[in-house]
Amino acid sequence: MRYNISGKQIKIGQSLQSHVKTELGTVAAKYAERPTTATIVFSKSAHEFVCEASVHLSTGLTAQAKAHATEIYAAFDACCQKMETQLRRYKRRLKAHHRRRSEPVEHFDASAYILNSEETDDDSAREPLQPVIVAEMNTKIPSLSVGEAVMQMELTESSVLVFRNESKNELNVVYRRDDGNIGWIDPTSNPK
């Protein structure tokens, strides 16, 4: 597995890098089928260290975890524990997903935008309902089954996931509802 270990405005020593590779490598080997890349980013938020980890699996799915602690090693250990919990919870489904799928998940390019949520004095001259675009970037939309989309949303701890439904070849959305259940938006379905 390839590791990309970095720090945002903090230096990451060799000892921490070795610890990350050993611990995360053990977790990934135990629960994941052929992980390909791991990205770990350390940063500081007030008095706490933040560790964000993302492990890309050969099937095309991604697992993510994030944790905070007052010490950098403790932040990584908590993040690694969250990653292990996610991968353990989905181990059987990940392996079944890998057997069913002969090729990795296909991804399609799309544009993603970040909109400014705050209004300023300059906004009064602008047409209403025309938000300011703060950032524009490329993103990938995976081609998955509904079950795989729910699993991917859970693995990345996201509240929403846009995906191309493999069975219908159309865009769908799964999201976490306020009541804790999962919602699925399928624009082509006819409600009865």
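**View 1. An open sheet of four strands.** In this predicted model, four strands form an open sheet in the order β1-β2-β3-β4, with mixed pairing. Strands (E, at least two residues) and helices (H or I, at least four residues) are DSSP runs, numbered from the N terminus, and two strands pair if DSSP finds at least two bridges between them. The edge strands are β1 and β4, each of which pairs on one side only. From one strand to the next, the twist averages 10°; angles run from 0 to 180 degrees between N-to-C directions, and axes are lines fitted to C-alpha atoms, for helices over the stretch in contact.

**View 2. Strand β2 and its two partners.** Strands β1 (residues 2-7) and β2 (residues 35-45) run parallel and are joined by six bridges. Y3 has A38 in β2 as its bridge partner. By contrast, β2 and β3 (residues 48-57) run antiparallel, joined by 10 bridges. The bridge partner of S43 is V50 in β3, and P35 stands opposite L57 in β3. Two residues lie between the strands in the hairpin of β2 and β3, where A46 takes a positive phi near 55°.

**View 3. Helices α1 and α2.** Helix α1 (residues 14-31) packs with helix α2 (residues 72-89) at an angle of about 10°, their axes being 10 Å apart. The two helices α1 and α2 are therefore roughly parallel to each other (angles under 35 degrees count as roughly parallel). Residues in contact (heavy atoms within 4.5 Å) include L16, H19 and V20 in α1, and F76, D77 and C80 in α2. The residues of this contact divide into 11 nonpolar, two polar and five charged. Here Ala, Val, Leu, Ile, Met, Phe, Trp, Tyr, Cys and Pro count as nonpolar, Asp, Glu, Lys and Arg as charged, and the others, Gly among them, as polar. Helix α2 also lies across β2, β3 and β4, running at about 145° to β4.

**View 4. The largest pocket.** A pocket is an open set of points on a 1 Å grid over the protein atoms alone, where a 1.4 Å probe fits, with protein on both sides within 12 Å along at least five of seven lines; lining residues have an atom within 4 Å of a point. The largest pocket has a volume of about 560 Å³, volume being the space filled by probe spheres set on the points, which are joined across faces, edges and corners. Of its 19 lining residues, Q64, K140, Q152, T156 and L161 are the closest to its centre. Strand β6 (133-144) gives the most to the lining, with five residues.

**Notes.** Residues are numbered from 1 along each chain as its sequence is written, and side-chain values use heavy atoms, leaving out hydrogens and water. As the model is predicted, local features need pLDDT of at least 70 and side-chain atom pairs count only at pLDDT 80 or more, while totals for chains, interfaces and linings use all residues.

How values were computed
Parallel < 35°, antiparallel > 145°, perpendicular 65-115°, else oblique.
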